[in-house]
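Come and look along with me.

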Amino acid sequence: MKYQKTNRKNEENRILEVVNRYKLLLCHQIKSGNSFNHEGLLFDYNAGYDAFWELSSRKTLNEEEREIIRINFALSSLSQKEREIIWKEFFFVEDKFWWMRKYNRSTFYRLRAKSITDFSSLIK
């Protein structure tokens, strides 16, 4: 049990590192004037694998833009519930108890644990 808690905490820390990097990259793109020259830099959960592959294979993208697209692709690979949990728990933390309107406590924490595991496996 202790191993699971430690492992989950490590996964959460890894996600937080990726989220902070993601935010810095977006800010840098905006400040440099490159902001969103490509539609794929904005997160679109409807975009499929083909759209991300086509966009990331363009020669005109810099490394920062490729990293943003990679993170967007990882988010879009999650189920709708998992994506919502990762987004609201790590990327856009507005209300700490947002989930109380949608889930009971045990369901939320079960989904949260699965979401963290799935997302962290995609961003390794």
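**Entry 1: H3 and H4.** I looked up helix H3 (residues 63-76) and helix H4 (residues 80-91), which pack at an angle of about 130° with their axes 9 Å apart. H3 and H4 are therefore oblique to each other; angles under 35 degrees count as roughly parallel, over 145 as roughly antiparallel, 65 to 115 as roughly perpendicular and the rest as oblique. Axes here are lines fitted to C-alpha atoms, for helices over the stretch in contact, and angles run from 0 to 180 degrees between N-to-C directions. Helices are DSSP runs (H or I, at least four residues), numbered from the N terminus.

I noted that this is a predicted model, where local features need pLDDT of at least 70 and side-chain atom pairs count only at pLDDT 80 or more, while totals for chains, interfaces and linings use all residues. Residues are numbered from 1 along each chain as its sequence is written, and side-chain values use heavy atoms, leaving out hydrogens and water.

Which residues of H3 and H4 meet? I found Ile71, Leu75 and Ser76 in H3 against Arg83, Ile86, Trp87 and Phe91 in H4, with contact meaning heavy atoms within 4.5 Å. The residues of this contact of H3 with H4 are five nonpolar, one polar and one charged (Ala, Val, Leu, Ile, Met, Phe, Trp, Tyr, Cys and Pro count as nonpolar, Asp, Glu, Lys and Arg as charged, and the others, Gly among them, as polar).

**Entry 2: H4 and H5.** Next I checked H4 against H5: their axes come within 9 Å and cross at roughly 85°. That makes H4 roughly perpendicular to H5. The contact of H4 with H5 has eight nonpolar, one polar and six charged residues. Among them, I spotted Ile85 and Phe90 in H4, and Phe108 and Leu111 in H5.

**Entry 3: salt bridges.** I counted eleven salt bridges, each a side-chain nitrogen of Lys or Arg within 4 Å of a carboxyl oxygen of Asp or Glu. In one, the side chains of lysine 102 and glutamate 84 meet at 2.8 Å, N to O. Lysine 102 lies in the loop between H4 and H5 and glutamate 84 in helix H4, so this pair ties together parts 18 residues apart in sequence.

Key:
Helices (H or I, at least four residues) and strands (E, at least two) are DSSP runs, numbered from the N terminus.
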